[in-house]
Structure formats: C-alpha cells, structure tokens
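Before we discuss this entry further, please look over the sequence and the coordinates; my comments follow as numbered points.

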Amino acid sequence: MTRIEALQERCIGAGNCVDVAEKYFDLGDDGLVVALRETVEDGDESLVRRAVGICPATAILLHDAGS
Amino acid sequence: MTSYDLDAPEVDSGITWPPRRADPLLPPPAFDEVRARCPVSRVSLYDGSAAWLATRHDDMRALLRNPAMSANPRVGGYPNSSANHSASRNTQGGFIRMDAPEHDVQRRMLTKAFSVRQVELLRPYVEQLVDELLDGMAAAGGPVDLVAALAEPLPARAICKILDLPSSDAAFLLGRVATWMNLNSPPDVSAQASGDLAAFLDNLILRRLEKPGEDIVSHLVAQQFQQGAISRQDLVGMLQLLVVGGFDTTANMIALGTIAFLRFPDQAAELRAHPELAAPAMEELLRYLSVAHHVASRVATDDIMIRGVCIHAGDGVIAPIPAANHDPEVFEDPHVLNIRRDARDHVSFGFGIHQCLGQNLARIELQVVFVKLLQRFPDLRLAVAESDLDFRNSMIYGVPELLVTWGEA
Ligand code: HEM
C-alpha cells in the first residue's frame, strides 16, 4: 500500500497534479494542494506517479508501506 | 565511479550557446545530436566561459527542481546568452530572480489570485476581448499585422483587467516593456523605459493606498505592504514581473502558433472542427513551439552529481525548454505537431519553484484565441512567404510582425 503526502509548505499552486490526477488532488481556497485520498488505489499507480513527476515543486511524496 | 568536470574533453558538446535553428519552428538540431551522445555536456558562452547543457526531459526536471540551482543572475557563474541578455536580466527584478525562501514568500502572495479557479472567472472577459480584437481585424481588412492587432493587445489588456487599469493603459505598458526588453535598445534607453514602468506602478500603489478597490494591487497593498510583509520597492518589482511575464511569451505563442497552424492546415482544420480539443491542442502547441527558449538558466550553489558529471558550485547550467520538450523518450515523434497527443508533461512553463505563475491565464488566452481565430477566418493565410519572416533570437523566441490576410486575394 502506498501512502500519499501533499506538502502545502512546498506547493506553488501550479495545479498540474489536479490536471493529470483529479481523483487524487485538488487545490484549496488558498490555491495550494490538497490530497483527496490517503492511499493509492489498485491500478492508479502510474496516474499518481505522473502527478508526482509533474509537480514542479516536489510537493507530493509517496511512501511505500514499511518504508 | 569517475565523474567528469566541466573542463573534461569527454563532455564537450562542441556547441557555442545558443546553437542555430535549421527550421524556424523547430529547436536547433544540435540538441538532438547532443542528447543522444552526451546528454549533460559542456557549451561555450559568448564571453568565452563555459556552462553545462542538459538536453533530456528528466534531467531538466531534476535540475530545475533542485534547491541548489540559483535563479539569481548576480551569483557568479550565471550563464547568459549575450552581453545584452546579461544586462537586461540584471535589470529585471521580482521573485523570478530570487531563490527560496524569499521567492516563496513573495510568490505565495499571488498564488490564490492566479489559481485555476480564480482565472477561470476571467474566461468570459477573454472571450469578449478576443471577439473585439477579431472584429477590429475584420473591419480593417487584410493584410493585417497579427502581432499588433491581436497577439500583443490580448495579454496586455488581460493584465490591465487583473490590475483594474483602463484598457487604454495597455498601449503604454506594451510600449515600455518592448523598449525595455528589446536587445537592440541602447542601455540608457532601455533603463529609461524600465524606470518609466516602475514609476507608473509605484504611482499605482499610491493610488490604491488612497482609494482601495477589489483588484489585486489593492489586496497586496492592504494585506502585504501595509502589514510590513513586502517593501514598496519589492512590490513594484512584483507588479513589473506580472506585466512583463505575460507579454512577449503569450504574444509570441499567438504569432508563432498562427504560423504553425498555417503550415499544418490539417491540424488547424482539426481544431476548427473540434473546439473541445482546445485544451490539449494548446498544451501541444506550447510543447512544440517552446517559445521561452533562453529562460531556464541557473547557477549551482552546491555540487551536484548527474548522469556521470559533477556540476560544481559556481558552474552555470542551461536546461533549454525546447530540448526537453523535444526529447523522443517522452514525446513520440517530437518534431511533429499533433494536437491530439497528450502533451501535458511539457515544460514550456519552466519547472521547479519558478514554474510560470501565469500559466492558467496563458492557457485560457491561447485556448480562446486559436479556436476563435481559426473559426472566424477559415481561409487565413500569410501575406508574406514564411521564409521572409523575421524570426528573432531574443529572450523569448518569436516574430516582431506577422502580416496575414484572408478572403479574396
Ligand atoms: C504562453 C505564455 C507564457 C509562457 C510560455 C511563460 C513561460 C514562463 C517560464 C518558462 C517561466 C519560468 C522562468 C524561469 O524558470 O526562469 C515563467 C515564469 C513566470 N511567468 Fe510566465 N509564461 C507565460 C505567460 C505568463 C503570464 C500570462 C503571466 C502573468 C500574468 C506570467 C507570469 C510569470 C511569472 C510571475 C513568472 C515567475 C514565477 C516565479 O519565479 O515563481 N507568465 N513563465
């Protein structure tokens, strides 16, 4: 199981994560990232990894269970 | 493991920056050759110094998101394209040239106003504006200079709307920015233009201080300046950045995008027939054209290992946006314009903490302008041969003028 962490203190509000994975991310009223789910669901691995890759500010982290 | 330094002959690209283009709409072919042979390599700069050149998409992203890459041109080793580039970069203020944490503090003051949700509210205004500008073109009749009639006024009037300035101020702002950023302006003329703009914006701050409204400047004055969170000088620099950031970039996307659609009529026909493709089509156009071709330059503040080379603190790094956007490992047939591809991984708005603040606004402007332009003038064509156009190697790639026409010849 992979846990999702969205770091608002790093987020610059570009919104790219929402564009590629709206099921997992949104921007709050302050324009900064909010994770909509705590973990990556089966089959969504590559979608969420794309959001991680596209984030310019390294504000989305994935933690594999046990690590 | 051995690693190469900047002076190692093994990593020499043989390129003097900037390399030449062969096709005016495509990146210099040298990027493809170097990416395959030595993806992080050495380039020579105009002043005889050397810098690193990163041509792969993944390396570009890794470097630009690395906190050891400074965007401050006053840090020794910062790579410039020419003496004029160097001078104009040094007169540029605002957080685009600051590093964390100062950068982040100032940028955050604007995050909400430029968020997708807020700028979407401007879409109806942008639509109305584009209709007006196209009406103007139709009334004037071809040939018309599309740059002066459409590409420049659109971003200028959009920013006027955001700053709550009368649209009659758009011409003043455009004129001052053009003189300031023109690499052929003598330094004193350029400095005068940037001074005029600063004085105008400083005066705007005073006006909003006296009589606040609902606009972004009023909010910045009340919530940041009056609370002591930003100095008056920094606020002027920030506003200057908002004005400058969207001008040449958006205008040249519109001008070059028009040239591209006219060169590839099947793509134009596809967008005309399927306006719902506007969003993906504009991501592809942004990728294909990569107008901010001299923008992603940094200087290392710490040693970094990447792809077998050691970038030392003080080394300059150039990660050209066109090179990353035409990396065949990420984009199949990268030199082909295909508005149906998923191009969202492009880096046309840069990468890292400086990724374009205005990207959501720019997207709306481009989506609206191309659908409407192609529908309004289905037989739009160049009024001069493409080979006679004056493609300019300025900070942002583009053409200063684009004569187009339509209807009966
Ligand atoms: C198609 C149009 C545009 C393109 C291609 C573009 C491109 C870029 C690029 C590549 C950067 C990063 C520069 C770097 O890393 O050194 C950037 C930054 C920036 N852009 Fe844009 N831009 C566009 C439109 C706009 C608009 C419309 C605005 C404002 C209203 C704007 C405001 C900014 C600002 C403020 C920054 C600095 C962000 C920071 O340093 O955190 N841009 N832009």
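1. Apart from neighbours within four places in sequence, B:Phe370 is in contact (C-beta atoms, placed from the backbone, within 7 Å) with B:Gly257, B:Leu271, B:Ala278 and B:Met282. The model is a predicted one, in which local features need pLDDT of at least 70 and side-chain atom pairs count only at pLDDT 80 or more, while totals for chains, interfaces and linings use all residues. Residues are numbered from 1 along each chain as its sequence is written, and chains are lettered from A and ligands numbered from 1 in the order in which they are written.

2. B:Phe370 also belongs to the largest nonpolar core, which has 115 residues, and is among those with the most contacts inside it, together with B:Trp52, B:Leu154, B:Ala255, B:Val317 and B:Ala319. A nonpolar core is here a set of buried Ala, Val, Leu, Ile, Met, Phe, Trp, Tyr and Cys residues joined through C-beta atoms within 7 Å; buried stands for 20 or more other C-beta atoms within 10 Å, exposed for 12 or fewer, partly exposed for values in between. The largest share of this core, ten residues, is contributed by α17(B), and a second, separate core of 21 residues includes A:Cys17, A:Leu27 and A:Ile54 along with B:Ile353.

3. The interface between the chains draws 14 residues from chain B and 14 residues from chain A. On the side of chain B that touches chain A, α4 (102-111) and α17 (359-376) of chain B each supply at least two residues; helices (H or I, at least four residues) and strands (E, at least two) are DSSP runs numbered from the N terminus.

4. The ligand is surrounded by 27 residues, the closest of which are B:Gly245, B:Gly246, B:Gly350, B:Cys356 and B:Gly358, where a residue counts as near if its C-beta atom, placed from the backbone, lies within 6 Å. At least two residues of this shell come from each of α8, α12, α13 (247-263) and α17 of chain B.

5. Which residues of helix α11 (residues 216-225) of chain B are buried? They are B:Ile216, B:Val217, B:Leu220, B:Val221 and B:Gln224, and because they fall within an arc of 140 degrees seen down the axis of α11(B), they line one face of the helix. The arc is taken over the directions from the helix axis to the C-beta atoms. Covering these buried residues are, among others, α4, α8 (153-163), α10 (187-210) and α12 (232-245) of chain B.

6. In chain B, an open sheet of six strands runs in the order β1-β2-β3-β9-β6-β4 with mixed pairing, where pairing requires at least two DSSP bridges between two strands. Its edge strands, each pairing on one side only, are β1 (12-16) and β4 (69-70) of chain B. β1(B) pairs in the parallel sense with β2 (residues 40-44) of chain B over three bridges, and B:Thr16 has B:Ser44 in β2(B) as its bridge partner.

7. A further open sheet, of three strands in the order β5-β11-β10 (chain B), has antiparallel pairing. β5 (144-145) and β10 (381-382) of chain B each have a single partner strand, so one side of each is left without a neighbour in the sheet. Between β10(B) and β11 (residues 403-405) of chain B there are two bridges in the antiparallel sense, with B:Val404 in β11(B) as the bridge partner of B:Leu382.

8. I would also draw attention to B:Asp59, which lies in helix α2 (residues 57-64) of chain B and counts as buried because it has 21 C-beta neighbours inside 10 Å. Not counting residues up to four places away in sequence, B:Asp59 touches B:Pro39, B:Val40, B:Ala54, B:Ile306 and B:Arg307, and its C-alpha atom is separated by 8.3 Å from that of B:Ala319, 260 residues apart along the chain.

Technical notes. Two residues are in contact if their C-beta atoms, placed from the backbone, lie within 7 Å.
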